[in-house]
Structure formats: C-alpha cells, structure tokens
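Trainee: Please take one part of this model and go through it closely. I would like a single connected account.

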Amino acid sequence: MTVKIFLNEDEIPRQWYNIAADMPTPMQPPLHPGTGQPVGPDDLAPVFPMNLIEQEVSQERWIDIPEEVLDKLLLWRPSPLYRAVKLEKYLNCPVKIYYKNEGVSPAGSHKPNTAIPQAYYNKVFGIKRIATETGAGQWGSALSFACSQFGLEAKVYMVRISYEQKPYRRLMMNTWGATCVPSPSTETEAGKKILAQDPNSPGSLGIAISEAVEDAVTSEAMGRPPTRYSLGSVLNHVLLHQTIIGLEAKKQLAKTGDYPDVVIGCAGGGSNFAGCAFPFIADKIAGKEIKVLAVEPTSCPTMTKGPFLYDFGDTVQMTPLLPMHTLGHGFVPAPIHAGGLRYHGMAPLVSQLVLDGLIEPRAIHQLETFSAGVTWARTEGFISAPETNHALAAVIQEAKLAKEEGKEKTILVNWSGHGLVDLAAYDAYFQGKLQDYELPQEEIENALRALEGFPKPNL
Amino acid sequence: MAELSITPPNEEKQIRCPRLGGPVHFGYCRIEHDGWPCSRALTCWAMHFEAEAYFRTLLSEEQFAQCFLAAPQSKMDTLLEAVERARLLIGEKRKGNSPPARG
C-alpha cells in the first residue's frame, strides 16, 4: 500500500483559493468602535503593505501565487500526503486516514506558508525590514526563515520569560539571521517605559506586540529602514496563503481515487484549519456531501459555545469590532497545552462558515488530545505539536464513529506541525500534571451577559 | 474532585501558558499585566487552587474587576490599539514633546 503521495514540483498549485468569493453569507467588514464605520485601508496601512491589504479585502476567487513565492515554497512544498496505515491498523475501523504533513517545512509547521508570501509582498512594496512579536517562537521562527529567503531584516520581540526559558526557537531565529530581542527591550518607548518601572519585567505578549508595532509604525520617523509588521493568523490574507495545503491535498487525493468524507483541522486562530479545509468547503458549497470539523479545546470553547456578536476587542474601545465567535470580554481560557490555540476570537471567515453550517466545531478535552498524540507517535511515528493533537483526537473519534455506524469513510486531517520543541508538554502529560477542564455553563453565561446591548451583525 | 485550597502554589510552580505557548510559573501569572495578574490567571489556575477566592482576598472589588472582568485582548485587538499609540508617539515627537505615557 502506498504510504506517501507526492506531487511533482511542477504540480504545485499556482493560485490561492479565496473563499470570500463563495461565502453564502458575504463577510461583514470590521467596524471601528470610535466611528462605527468600516475599517479602511488607511487604518491598516501603518502596519501592512498595501498589496497585502488588497488581499485582505479581495473578493477574487483565485489569486495568483507569484513565481518568486513559488520558488521559495518549493523548498518543502508540495508537502507529502500520507496514508496513516499503521494508525488505521491499530484502530481497526473501516476508515482510510490521510494526513497532510506540514511538519516538513524548515520551521516545522504550517506557519511558513504565509510567512513566505508576507515577506515577499513586503519586499516588492519596498519594505526592507519586518517586525513582529512572538511568544514561544513558532511564528517568530517562521517569519525569520521567510525574511532570510528574501534578504529582509527581521526583528522579533520575544516575550522575555519565553526568551529565557525557550532558547531553541530563538536560536532558530538567530540562525536565520533575525534579530531576536527579549521584550520589554530598550529599543522602543513602550519597552523603555516598562523597564523604567521594573527593570526585571518578564514581559507579556501585549508588551511585545506594542514594541513590534511601534517599531514598524515609527520606523521612518526614527530613521530606520522602511518597516512593517506581520501577523501569523486570524486575518483573511493569512488564511488565503494557507489554502495551498488543501489545494495540494485535493490533487494528491485525486491520484488515489479517494475523496474525503471528513476533513479535520485544529482551530485556534483558524489558519491551519482553514488552509486545509477551505478548498474542500468550496466543494461543499457546490453541493458535495462532506463533514468539515474544526477542533478546539474544551477549556477554550470559542466556536462550540460562543455566539456570534460584534465583540469589543479591548477595554478602551479603540479597536475595530470584528464579527467573531466569542465568549465575551470576561472569558478567561483555562490552561491548555496548545500553543497555537490561544485566540480569544476565531478568524471571522471561519466564524461565518460555522454560522452558515459549513463547518462543524467540536471541543475535545486536553487529556484526550495528548492520548491521541501518543497513539499517533506510537503508530505513525511523528511527534505532533500539542495543538495538532486536537485534530488527531477528532480523527480517532470519527474512526470509531464509522465503526459504530458500519460505514466506510475517508478522513483527511491536517498534521500542522511537529512537537519536537514542545516536549515539555508531553512530559507534563506523562507525569500526570495535566487535568481536564470544562468551562462551566454558568461562567459562559456570565461572560456573555457583558455583551448584552452590543451591536449584532446581520444574520 | 478533591476540595482545593485557597493557599496559592509556590511561585515557581509551572503550567503551560496558552498565550505564550510555553511554560510559565505562578509568580509570572500573578504580575503579568504591568504588575497585575494576567486576565487569564483565574481560569488557568482554577484547577490547582481556589484562584478566585485567593485573588478576591488579594484585590479590591474594583481591582478584581479590572484584572479579570475586562477584555482579554486578542493579538488583533492589541495590534490595532498599538497602532494608535504609535501614531500618537510620532505626533508627539514631531511636536518636540516627550513621548506620551503608555496605555
């Protein structure tokens, strides 16, 4: 039996798929809380180049992938599609399981799929330098790699506590030529102010974002090379770039003669899930019967329990109101071993597709996800990133469901990255330090009460 | 489930931070937000000790509300707020004034 299905390099997709063109319910624009008006390009221009902003709002179904981007993507793409034959045998269920291996990228995850085009579009816009923030370093390392490919300077503000505790991705960034500094730093006004108050500040994601944005927005005023900021999830153009995953998978599955009955991905900000699922959702919109599962942690149930409202993003009401699935301001996620699954709100595109019934959200407890990850490692061999384990747990659930139903099914899952830099999470699992936590319904209802009276999108 | 203590864990006790994607110790969560607790500390530590009761004894009602009932900013939210701050900073620099206070 064939285990790996490859595409030749000349079979790599040459266009990204923009699902905005096919949305049954057109996307509503984010609103500025100050004016109540849609956020325009000028609001985003200080941080993103206009060519990416154009992609952000594009309604074109297909967007050409520039040759220069393809040239870089070919370093690891087309990524292999695997048939998980050893897991199938272990489960003994009437299913074929295919997985798209996104762990083969230089940075070890799906993140470079958007880091590469973002670096490219910045370069052709005349930008010489990109600033970003990172927590444990998954996005920072992906962007560092991408900038090195295009000769751009990368500046990564890494939350100090992670900078000191997690050296491996920092060293990856350095190896790719990026400058990675602990945040707060002495290089921005935001950082200096924090350090003046507390020279030993361990930093936070909020401080690091402030520093990266200040770096970008003030670059020209401060005499630095033209600089923009980069974000690795949530935004439409990020999801667009990731669709190369699903587009490749469709071609690879066509070689096998199979088509998935179920498509599964883990969903935090939504980019890896969307990248695999959106090209198949296009078929679903056209009438194909297919189950599309977005898997999230039970402890952070944005899609499975949150309603769709315009959510004030911050306490001072300075930022746009994005229509997102949300649990409201008061929602505080429980600890989850899922580095990428940390967004308060799901990507608006994914949220709308949930509302339209095209995506089925599912929440899974973290102990089940790690159990699935260990089963995967002991059958398929690869050690998955903690967030990827959510999708693998859903694969096992669906396989067992097929057995119960007595139906033969084909399952496609996006294996979004390896967990070789996240082994401490496995250590905690093996030592019994992890616990399941489900947000009490009362707590959810209290959080949602805070949103009463807020404007709601037209549904 | 055994009844939890109101006594907080050792400052060095670690859990994985869902925002950073790596381990953090309790002492960090207690001061993550400019010296105040991380907005997620209640839920993150709820299974380890009576976090809510502990923080209610530590903070006034108003402080508790500011720390835990305000919006936990997403990356996108924080980004756009930071743009406004940086724009103000440029404006102040052009006027020759000192940079505006953060936040």
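Mentor: In E14(A), Leu293(A) has Glu360(A) as its bridge partner. This is a predicted model: local features need pLDDT of at least 70, side-chain atom pairs count only at pLDDT 80 or more, and totals for chains, interfaces and linings use all residues. Residues are numbered from 1 along each chain as its sequence is written, while chains are lettered from A and ligands numbered from 1 in the order in which they are written.

Leu293(A) belongs to E11(A). Strands (E, at least two residues) and helices (H or I, at least four) are DSSP runs, numbered from the N terminus. Strand E14 (residues 360-364) of chain A pairs with E11(A) in the parallel sense, over five bridges. Pairing requires that DSSP find at least two bridges between two strands.

Now strand E10 (residues 262-266) of chain A. E10(A) also pairs with E11(A) in the parallel sense over five bridges. Here Leu293(A) is the bridge partner of Ile264(A). From E10(A) the chain passes through helix H13 (residues 271-285) of chain A to E11(A), a right-handed β-α-β crossover. Right-handed means that, with the strands pointing away from the viewer, the path from the first strand over the helix to the second runs clockwise.

How enclosed is strand E11 (residues 291-297) of chain A? Six of its seven residues are buried, so E11(A) is largely enclosed by the rest of the structure. Buried means 20 or more other C-beta atoms within 10 Å of the residue's own, with C-beta atoms placed from the backbone; exposed means 12 or fewer, partly exposed in between.
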